[in-house]
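Biologist: I would like to learn how to read a protein model feature by feature. Could we go through one together, slowly?

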Amino acid sequence: MEKIVILTGAGISAESGLGTFRDEGGLWSQHRIEDVATPEGFARNPGLVQGFYNARRAQAAQVQPNAAHRALAALQRDWPGDVVIVTQNVDGLHEAGGARDVLHMHGTLAGALCASCGHRWAAPDDMKVGEPCTDCGAPSGRPDVVWFGETPYFMDQIYDHLAKADIFAAIGTSGQVYPAAAFVHEAIAAGALTVELNLAPSAVVSNFDETRFGPASETVPAWVDALLGKR
Ligand code: OAD
């Protein structure tokens with residue numbers, strides 16, 4: 001059966017109330033990437049970085065999945081083949097919407113990571129400077145999110161999935177951050193049909209066979225219904 005690989009970005013969670021990064025008023029217009037999303041920024045000012053992610057964790061805990069998250073979960077449930085969801089998002093809205101086995105390539109706000117020993121555990125609501133590792137005890141706890149200059153997670157698995165994809169869809173992502181922005185090339189090499197669903201054309205839109213523009217809460221359920229033969 002046909003295998004579908006889906007890449008999601010901040011746009012899929014926008015209508016749940018989580019701001020995107022690069023849209024007007026987005027997170028990167030309010031915070032400097034070098035300060036809050038790099039290992040060097042964390043070394044310079046761990047309090048600022050923990051505070052930034054504590055605030056995002058608190059916000060993510062208050063929001064609900066929207067129709068787009070739920071539609072992808074329904075696709076996973078009802079599609080006769082494999083449906084793999086790869087997300088750049090650090091929120092848990094795919095899972096809250098019912099999706100399974102989501103590959104969080106940029107990590108998750110729900111996790112803490114020990115920068116000394118690599119141990120992972122459930123992040124407390126408020127991570128502190130010098131948060132002790134629950135395994136080795138080092139005061140090296142950091143959010144388990146991938147920062148610029150670090151290697152995203154699950155890359156081998158993701159490339160394996162892309163190499164076998166029959167359909168590849170990118171949803172709510174600006175196509176400006178690599179390696180995710182280049183996944184479409186892997187999918188094309190695999191002979192997949194490529195589909196972009198976004199509010200506005202992304203930076204890599206010319207690579208896609210099919211485009212559906214509009215809010216994810218409308219375009220994603222419509223696309224899923226079309227795939228499942230419901231319209
Ligand atoms: P961006 O903020 O770069 O892009 C969000 C995309 O979502 C844009 O293309 C918008 O047009 C689109 N969009 C906005 N609202 C939408 C809606 N209601 N429905 C559908 N689309 C909508 O976010 P990402 O592409 O996810 O990484 O950013 C990629 C990575 O850059 C993030 O994972 C993060 C960030 O820096 C790290 O921090 C490592």
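Biologist: Which residues of β1 lie on one side and which on the other, and are they buried or exposed?

Modeller: Before that, please note that this is a predicted model, in which local features need pLDDT of at least 70 and side-chain atom pairs count only at pLDDT 80 or more, while totals for chains, interfaces and linings use all residues. Residues are numbered from 1 along each chain as its sequence is written, and side-chain values use heavy atoms, with hydrogens and water left out. Now to your strand: Ile4, Ile6 and Thr8 are on one side of β1 and Val5 and Leu7 on the other, and all are buried (buried means under 20% relative accessible area, exposed over 50%, partly exposed in between, with a 1.4 Å probe and protein chains only). Because 5 of the 5 residues of β1 (residues 4–8) are buried, the strand is largely enclosed by the rest of the structure. Strands here are DSSP runs of E with at least two residues, and helices are runs of H or I with at least four, numbered from the N terminus.

Biologist: Which strands pair with β1, and in what sense?

Modeller: Two strands pair if DSSP finds at least two bridges between them. β1 pairs in the parallel sense with β2 (residues 83–87) over 5 bridges, and the partner of Ile4 there is Val83. With β7 (residues 167–171), β1 also pairs in the parallel sense over 5 bridges, and Ile6 has Ala169 as its partner in β7.

Biologist: How should I read a pocket, and what is the volume of the largest pocket?

Modeller: Rolling a probe the size of a water molecule over the atoms shows where empty space is left. On a 1 Å grid over the protein atoms alone, a pocket is an open set of points where a 1.4 Å probe fits, with protein on both sides within 12 Å along at least five of seven lines, and lining residues have an atom within 4 Å of a point. The largest pocket has a volume of about 830 Å³, and of the 41 residues that line this pocket, Ala10, Phe21, Arg22, Thr173 and Ser174 are the closest to its centre. Its volume is the space filled by probe spheres set on the points, which are joined across faces, edges and corners.

Biologist: Where does the second largest pocket lie?

Modeller: The second largest pocket holds about 230 Å³ of space, and among the 15 residues of its lining, those closest to the centre are Arg57, Ala60, Ala61, Leu109 and Ala110. Domain 1 (1–18 + 66–106 + 152–231) and domain 2 (19–62 + 109–145) both give residues to the lining, so this pocket lies between them; the domain bounds come from an automatic or database domain assignment. The largest share of the lining, 6 residues, comes from α5.

Biologist: How many aromatic pairs are there, by the rule used here?

Modeller: A pair of aromatic rings is described by the distance of the centres and the angle of the planes. Rings of Phe, Tyr and Trp (its six-membered ring) pair if their centres lie within 6.5 Å, and planes under 30 degrees apart count as stacked, over 60 as edge-to-face and the rest as tilted. The count comes to 8 aromatic pairs. The rings of Tyr53 and Trp147 have centres 6.2 Å apart and planes at 45 degrees, so this pair is tilted. Tyr53 is in helix α5 and Trp147 in the loop between β6 (141–145) and α8 (155–163), 94 residues apart, and both residues are buried. Phe168 and Phe208, in contrast, form a stacked pair, with 6.3 Å centre to centre and 20 degrees between the planes.
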